[in-house]
Amino acid sequence: MPLVANFSREFYERFGHKAVEELVNYLNAADATHRSEFRELIDLHFAKLDATLAQRTGALENRLESRIETGLGTVRDLISAARADMIKWMFVFMVTGVLAVLGLG
């Protein structure tokens, strides 16, 4: 976006139209250079930010996956223990029922 400068008539009269136009062109060129350098700097910092974010996201995913696997292992162990306990009690009640039927007979 070029610089739009409104200089006073006295400024133009004192330095001349050619000199003022050269000054405006110089300022526009300097502005374009600084904008370009600033854009490159911003792009560089965003690239670093993206890399850091990707690294941290990967580490977080790994930790989360590890915790989920640990939790699922614990749930599996609890279900296995409950199943074994249930089978034991089913056997006890079944044997008790069979003995009661035999005792009545």
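Modeller: The buried residues of H2 are Val-20, Val-24 and Asn-28. Buried means under 20% relative accessible area, exposed over 50%, and partly exposed in between, with a 1.4 Å probe and protein chains only. This is a predicted model, where local features need pLDDT of at least 70, side-chain atom pairs count only at pLDDT 80 or more, and totals for chains, interfaces and linings use all residues. Residues are numbered from 1 along each chain as its sequence is written, and side-chain values use heavy atoms, with hydrogens and water left out.

The buried residues of H2 pack against helix H1 (9-15). Helices here are DSSP runs of H or I, at least four residues, numbered from the N terminus. Phe-7 lies in the segment before H1. It touches Tyr-12, Val-20, Leu-23 and Val-24, leaving aside residues up to four places away in sequence. Contact means heavy atoms within 4.5 Å. Phe-7 and Val-20 are 13 residues apart in sequence, and their C-alpha atoms are 8.5 Å apart in space. Phe-7 counts as partly exposed, because its relative accessibility is 26%.

Now the span. H2 has 88 residues and reaches 125 Å from first C-alpha to last, close to the 130 Å expected at 1.5 Å a residue. That expected span is 1.5 Å times one less than the number of residues.

Met-94 also sits in H2 (residues 17-104). Met-94 counts as exposed, because its relative accessible area is 52%.

Methods:
Helices (H or I, at least four residues) and strands (E, at least two) are DSSP runs, numbered from the N terminus.
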